[in-house]
Amino acid sequence: MKYRTRKVPLESNSEDDDEDFYRNPPRQDGEGYHDNEEGSSDATEGHDDEDEIYEGEYQGIPSDRKHKEGQVALGQPTSDATRDRKELEQERQADEEELAQQYELIIQECGHGRFQWQLFLVLGLALMSDGVEVFVVGFVLPSAETDMCVPNSSSGWLGNIVYLGMMVGAFFWGGMSDKVGRRQCLLICMSTNGFFAFLSSFVQGYGFFLLCRLFAGFGIGGAVPIVFSFFAEVLSREKRGEHLSWLCMFWMIGEIYASAMAWAIIPHYGWSFSMGSAYQFHSWRVFVVVCALPCVCAVVALTFMPESPRYFLEVGKHDEAWMILKQIHDTNMRARGQPEKVFTVNRIKIPKQLDELVEMESESGNPVSKAFFRIKAEVHGVNSFLFTGMLLFCAHYSYYGLSVWFPDVIKHLQADEYASKVKIHSNERIEDFTFNFTLENQIHKNGLFISDRFINMKLRSVTFIDSTFRNCYFDDVTSVGSFFRNCTFIDAFFFNTDIDESKLIDGTEVINSTFTHNKTGCQMTFDDDYSAYWVYFINFLGTLAVLPGNIVSALLMDKIGRLSMLGGSMVLSGISCFFLWFGTSESMMIFMLCLYNGLSISAWNSLDVVTTESFPTVRRGTGFGFCNALCKLAAVLGNLIFGSLVGITKAIPILMASSVLVGGGLVGLRLPDTRANVLM
């Protein structure tokens with residue numbers, strides 16, 4: 001790549017020798033790059049971006065490197081092949097540290113402005129899509145399983161299949177982002193999620209629906225590790241904690257979006273159409289389509305953003321990195337009203353690539369030694385992985401476990417209250433009567449129905465016990481949660497009803513009766529789920545409770561430190577979780593849930609920042625992806641374990657979540673502080 005050049009003044013601070021060294025490092029022969037002369041910037045001459053001349057004469061790959069390599073203490077040259085492995089590793093480590101310090105100075109020169117905020121919004125949409133994907137499954141689960149007539153034995157698969165896809169996707173896409181780039185991988189994984197999420201809203205079979213959600217989860221699994229890695233690499237050290245915390249708010253916005261759309265769309269069961277009896281498109285499918293919109297917007301916006309310059313530097317594409325850094329600088333300076341300000345960087349440090357080191361170290365070695373050297377180089381420096389992974393596991397296990405357990409507890413409380421209002425009718429005799437209205441929450445014992453007509457009606461949570469139906473006519477009857485126990489039907493006629501063997505239980509006899517044109521499929525509508533509105537509203541309230549914690553963590557992340565916020569938040573959220581034990585009413589349980597969400601969000605934000613800062617650039621996507629994969633495994637385990645305890649006991653789930661959070665918070669205080677880290 002060639003650049004037109006001319007001499008212009010370098011805007012360097014003579015009081016900062018280190019910064020001047022990174023902008024204008026001395027040559028080996030002692031000559032400087034330029035003499036400072038008077039000049040002007042193209043930005044002031046009306047040139048467009050393509051004609052813009054770099055002020056400072058970009059030098060490309062530093063020429064001093066070839067002199068430094070192969071020098072020994074006495075100045076005698078030696079070949080790379082004869083150098084010690086430890087020396088090669090030390091050289092690469094020194095190069096990486098020098099590049100990290102230089103890159104920090106370059107980002108500071110570029111400033112924080114319009115470019116970072118544009119990238120913030122674009123990556124925020126991708127993170128919002130991840131939040132939507134997590135909650136869309138829980139919201140459509142009851143309607144989708146009912147619409148597709150899913151048996152109870154298979155009902156848990158839909159919730160866990162998405163987390164399994166996200167677990168594999170996090171590790172795969174995180175690793176790929178270190179190989180092919182942040183932007184490229186994020187585009188592919190978000191496109192995968194959007195395509196299969198959209199497709200899942202149209203498929204009819206439960207198996208195909210599971211497959212689509214699996215691939216959608218696989219796609220969105222890469223969002224979190226790539227988004228945080230990408231954004232951190234264009235932030236200076238003093239801005240990183242605060243702005244990564246602000247970015248976390250988009251996950252909350254995604255949850256609010258999913259809750260609001262579920263509340264607004266799914267209850268309207270009339271928002272549907274059908275093509276015969278084979279194809280049904282109900283309101284929950286409309287909700288799935290709407291939830292794919294943030295992903296589509298993120299893909300479109302990403303096409304206008306450049307690759308991470310830090311990634312380009314790490315893989316040796318220094319010309320491309322310099323161009324993007326200059327774009328960041330010029331974008332921010334124009335937004336500040338300083339288009340004439342010069343981008344003074346003309347040399348960027350080049351660390352020796354890992355592949356070069358492997359070849360140099362093992363020119364005379366065997367493949368085993370090559371593999372050992374590569375593995376050792378790959379894992380070098382990731383000393384906080386176990387601590388970070390364990391804390392993420394604890395936080396996700398408790399959160400997702402409670403997210404499954406809590407709505408079911410609310411439903412059980414509502415069911416108990418609903419059952420307490422049941423009306424019981426005994427020994428009744430009804431003859432020649434037309435039922436054309438809804439019967440709900442009733443029990444009829446030892447009843448006798450003679451020549452009665454049940455026309456265009458619903459039986460909702462109605463049970464007939466030891467009753468007799470003689471010469472009765474049933475036309476267009478839907479029975480939801482209703483059963484006939486040990487009843488007798490004599491000379492009865494059933495037309496267009498859903499009453500079948502599954503409803504006629506416990507010894508019910510059917511004598512000389514006719515069934516014709518029975519309803520097929522599941523006949524439940526959203527109106528039959530009396531708790532659904534309330535569950536969506538509770539999720540909406542719980543999400544809003546996160547907002548104050550998000551704001552506090554963003555403002556204080558760089559002031560009180562990641563570890564203090566992490567440990568304090570996990571301990572306090574564990575204590576608040578414990579008080580769920582004493583919740584005896586819906587209102588008290590909801591208040592405690594909101595308190596728990598508000599206290600725990602600071603820990604989540606701290607963990608995201610610490611994880612981003614704990615890994616070097618060359619392994620940041622892989623390390624974050626692996627940690628995120630552990631998070632999804634924790635979510636699956638939390639779903640299974642907490643879900644199995646619903647309706648059995650309240651003590652075990654609460655004690656488990658509380659102890660895991662408090663223990664994790666205490667361990668979090670032992671993490672190495674990453675606040676002062678530059679991005680290695």
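Student: Among contacts in the chain between residues at least 6 apart in sequence, what percentage join residues at least 24 apart?

Tutor: This is a predicted model, in which local features need pLDDT of at least 70 and side-chain atom pairs count only at pLDDT 80 or more, while totals for chains, interfaces and linings use all residues. Residues are numbered from 1 along each chain as its sequence is written, and side-chain values use heavy atoms, with hydrogens and water left out. With contact taken as heavy atoms within 4.5 Å, the share of these contacts that joins residues at least 24 apart is 68%.

Student: How many helices and strands does the chain have, and what percentage of its residues are buried?

Tutor: Helices (H or I, at least four residues) and strands (E, at least two) are DSSP runs, numbered from the N terminus, and the chain has 22 helices and 16 strands. Buried means under 20% relative accessible area, exposed over 50%, and partly exposed in between, with a 1.4 Å probe and protein chains only. Of the 680 residues in the chain, the buried ones make up 53%.

Student: How many residues of helix α8 are buried?

Tutor: Helix α8 covers residues 223-232 and is mostly covered. Its buried residues include Pro225, Phe228, Phe230 and Phe231. The count for α8 is 10 of its 10 residues.

Student: Are α9 and α18 roughly parallel or roughly antiparallel to each other?

Tutor: Axes are lines fitted to C-alpha atoms, for helices over the stretch in contact, and angles run from 0 to 180 degrees between N-to-C directions. The axes of α9 (residues 237-265) and α18 (residues 546-560) come within 7 Å and cross at roughly 170°. Angles under 35 degrees count as roughly parallel, over 145 as roughly antiparallel, 65 to 115 as roughly perpendicular and the rest as oblique. The pair α9 and α18 is therefore roughly antiparallel.

Student: At what angle do α19 and α22 pack, and which residues of α22 meet α19?

Tutor: Helix α19 (residues 562-578) and helix α22 (residues 651-668) pack at about 165°, with their axes 8 Å apart. On the α19 side, the residues in the contact include Leu566, Met570 and Phe578. Those of α22 are Ile654, Leu655, Ala657, Ser658, Leu661, Val662, Gly664, Gly665, Leu666 and Gly668.

Student: Which backbone oxygen does the side chain of Asn441 reach?

Tutor: Asn441 lies in strand β6 (residues 439-445) and counts as buried because its relative accessibility is 11%. Not counting residues up to four places away in sequence, Asn441 touches several residues, among them Lys421, Arg460 and Val462. Its side chain reaches, at 2.9 Å, the backbone oxygen of Tyr418.

Student: What separates the C-alpha atoms of Phe515 and Phe495?

Tutor: Phe515 is in strand β16 (residues 514-516), and at 33% relative accessibility it counts as partly exposed. Leaving aside neighbours within four places in sequence, Phe515 is in contact with Phe494, Ile499, Leu504 and Val510. Phe515 and Phe495 are 20 residues apart along the chain, and their C-alpha atoms are separated by 6.2 Å.

Student: Where is Asn496 found, and what is its phi near?

Tutor: Most residues other than glycine have a negative phi. Asn496 is found in the loop between β13 (493-495) and β14 (504-505), and its relative accessible area of 24% makes it partly exposed. Its phi is a positive value in a residue other than glycine, near 55°.

Definitions and conventions. Polar contact = N/O pair within 3.5 Å; in protein donor to acceptor, adjacent residues only side chain to side chain.
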